[in-house]
Amino acid sequence: MLESLEGRRGEVRAKPPIPALHGLWGSPTVVNNLLSFAAIPTILADGGQAYADRGVGRSRGTQIFQLAGNIARGGVFEAPLGITLRELVEDIGGGTRTGRPVRAVQVGGPLGAYLPADRLDVPMGYEELAEAGGMLGHGGVVVFDDTVDMSRMARFAMEFCSVESCGKCTPCRIGSTRGVETIDKITSTPAGAEGRDQLFVLLEDLCATMTTGSLCAMGGLTPVPVRSALTHFPEDFGGSPP
């Protein structure tokens, strides 16, 4: 964003320095999420303690959740942090639009983990979701019923990164493209075929490189949905990775 404001191509900046010290036109710049600014009037009006009384653990206040995907009542809802994923999906969202059982829910946006149905009781807090293998992100909640092919969703995560990448760093730009190709090879190669196990190893190597080598969260978090799909839904890839 800062690069674009200064008239250059919109690419990630290497850190340090961080924008708070050296940002727009070299001046200290605070870049905050809109939700942070939206919480200010309530805190000023009712006090910090009243705001902190909502929430769970270290996750205080409220969160704007966006319910989407295969859900009966989609939309944008504000709820206290700590509400369970089941309450969001079943009570507020009304379950799946098709009426079929929930199989997976992606939490946190397109780079969030796919959580299986047996983890719907996780509280929607930062630490609580992290312990369950997920992340809160921007509060996006996308629901899938039992007809979803999770190998296709893992592929979508890599494809999303390849399309949205700013192109600044190689792990994100090239790794995501190779990730799409590798998942396609996995799903098109019969179980037990020679070389199939090596494809899973290659995919994990790509995920590790993207996680540690990308300059920003785009490439660094893309492996999260891919790995979660492999972990929780190995049958959609033709069997568990070696």
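**Group meeting: a walk through the model**

Helix α4 is followed by Gly94, whose phi is positive, near 80 degrees. Helices here are DSSP runs of H or I, at least four residues, and strands are runs of E, at least two, numbered from the N terminus.

Some ground rules. This is a predicted model, where local features need pLDDT of at least 70, side-chain atom pairs count only at pLDDT 80 or more, and totals for chains, interfaces and linings use all residues. Residues are numbered from 1 along each chain as its sequence is written, and side-chain values use heavy atoms, with hydrogens and water left out.

Back to α4, residues 85–92. Which of its residues are buried? Leu85, Leu88 and Val89. Seen down the helix axis, they fall within an arc of 85 degrees, so they line one face of α4. That arc is taken from the directions from the helix axis to the C-beta atoms. Buried means under 20% relative accessible area, exposed means over 50%, and partly exposed is in between, with a 1.4 Å probe and protein chains only. What covers these residues? The cover includes β3 (62–69), β5 (102–107), β6 (114–116) and β7 (140–145). Contact means heavy atoms within 4.5 Å.

Now the cores. A nonpolar core is a set of buried Ala, Val, Leu, Ile, Met, Phe, Trp, Tyr and Cys residues, joined through side-chain atoms within 4.5 Å. The largest has 27 residues. Touching the most other members are Tyr114, Met150, Met158, Leu203, Val226 and Phe237. Helix α6 gives the largest share, six residues. Take Met158.

On to charges. A salt bridge is a side-chain nitrogen of Lys or Arg within 4 Å of a carboxyl oxygen of Asp or Glu. How many salt bridges does that rule give? The count is 15.

Here are some of them. Arg100 and Asp146 meet at 2.7 Å, N to O. Arg100 sits in the loop between α4 and β5, and Asp146 in the loop between β7 and α6, so the pair ties together parts that are 46 residues apart in sequence. Arg100 is partly exposed at 41%, and Asp146 is partly exposed at 34%.

Next, Glu204 and Arg227. Their closest N and O atoms are 2.7 Å apart. This pair links distant parts of the chain, with Glu204 in α8 and Arg227 in α10, 23 residues apart. Glu204 is partly exposed at 36%, and so is Arg227 at 28%.

Arg9 also bridges to Glu11, at 3.5 Å. Arg9 is exposed, at 58%, whereas Glu11 is partly exposed, at 22%. Glu3, Glu6, Arg8 and Arg13 are linked in a salt-bridge network.

Last stop, the surface. Leu34, Phe37, Ile40 and Leu44 form a nonpolar patch, with about 460 Å² of accessible area together. Areas come from the Shrake-Rupley method with a 1.4 Å probe, and for residues only the protein chains shown count as cover. Patch residues have over 30% relative accessible area and no salt bridge; like charges are joined within 9 Å, nonpolar side chains (Val, Leu, Ile, Met, Phe, Trp, Tyr) within 5 Å. Phe37 is in helix α2, residues 34–46. At 45%, Phe37 counts as partly exposed.
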